[in-house]
Amino acid sequence: MPTRLLLLLCLTGHVFAREPPDVDCLVMYLKYVHCSWNKQGAPEVNYTFYGWFQTEKSKEFNECPTYLSENNTNTGCNLPYTDSQRFHIFNTKLVHGKQTSQREHYLKTKVKLNPPTNVTVRNGSDSNLWLNWSQIKYRCVESEVRYRVNNRNWATYQVRIGEQKYCVNLPSSSSRYELQVRSRFGEACGKSSFWSNWSEPVVWGSNNSTDTNQKTSPMSVWTPVLYVVGAFILILLVMMLLHHERIRIIFIPVVPKPSPKLHNIEDWFQYPKGLKGSFNYNERPCLVREYCHVSQSDSEDCSVFIPVNESELSTSCSSSTSTVLTEEEMVSV
């Protein structure tokens, strides 16, 4: 019985003994190699970690100089790194007592860069919105830009290797643009599978109070004032135009346009009905005759007989004919 119990304990101990966890490594910011072994959770024991790049000059095991711990248990390690080393095989080894786990890592595709810096946005002279940033080894780096308008869904766009700018065509000044950028190594320098984190957002447009890198445009402050002044000037011009039109009507009457149906020029003038009816040109004309007295001394002396009595006036105007007297008849009279 004791023998069977001892055999059972040995078998169960071997079954429940955990294998060392897997190690994941990543080149961080081209400064150091970060390795961790807590992907499946924090380990129950403290492991000793060794890591090294497999080159012709160095094949020695180097213990971790800087451990990362969680609840006093080692969960990771940061090791020194130089940029040329990522093209070499990186070896790792976890040891706890008699338990050992060793594997090889290819870090060429496992590089994570810092987020782009000096991210700025401006409205260019071509009326387009320009996003600019800085990134180390930019000739080897490809970037990705995303932006959204008025807090809607993000739109993402690829940027060619070596480019550190992006253009948003003809933005609307009444909208709010929020932009970010991230980078990674491209094909030219060993394409990485890991993008950097997104940069801090920069904002352009209305309500851009969260934009720390973009200065507030002076026009955004003066726009309401310009609107008010413009409206006042427009109202003033309309009032002046109406006042001028009233003065013009008073002092310069409108000349009527002749109608093709008018045959009498008097119809052009605006007379009152009573006054227009008083103009009657159909009165009977009065004939006036001149009487010439021809003397013997001067046959050319001519005098006009002008009646002095009212009877003569009435006679002269009432009769339609008169008799011309000869010289002898006038003498006898």
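Trainee: How many bridges join β11 to strand β14, and how do the two strands run?

Mentor: Strands of a sheet pair through backbone hydrogen bonds, either parallel or antiparallel. In this predicted model, β11 and β14 (residues 176–185) run antiparallel and are joined by nine bridges.

Trainee: Which other strand is joined to β11 by bridges?

Mentor: Strand β12 (residues 155–159) is joined to β11 by five bridges, and this pair also runs antiparallel. Here Val145 stands opposite Tyr157 in β12. The two strands form a hairpin, with five residues between them. In that turn, Asn150 has a positive phi of about 55°.

Trainee: Is strand β11 mostly covered or mostly exposed?

Mentor: Burial is read residue by residue, with under 20% relative accessible area as the cut-off. In β11 (residues 141–149), eight of the nine residues are buried, and the strand is mostly covered.

Trainee: What is the strand order in the open sheet of three strands?

Mentor: The order is β3-β6-β7, with antiparallel pairing. β3 (48–54) and β7 (99–106) are the edge strands, each pairing on one side only. On average, neighbouring strands of this sheet are turned by 15° against each other, direction ignored.

Trainee: How many bridges join β6 to β7?

Mentor: Eight bridges link β6 (residues 89–96) with β7, in an antiparallel arrangement.

Note on methods: Residues are numbered from 1 along each chain as its sequence is written. This is a predicted model: local features need pLDDT of at least 70, side-chain atom pairs count only at pLDDT 80 or more; totals for chains, interfaces and linings use all residues. Side-chain values use heavy atoms; hydrogens and water are left out. Two strands pair if DSSP finds at least two bridges between them. Helices (H or I, at least four residues) and strands (E, at least two) are DSSP runs, numbered from the N terminus. Axes are lines fitted to C-alpha atoms, for helices over the stretch in contact, and angles run from 0 to 180 degrees between N-to-C directions. Buried means under 20% relative accessible area, exposed over 50%, partly exposed in between (1.4 Å probe, protein chains only).
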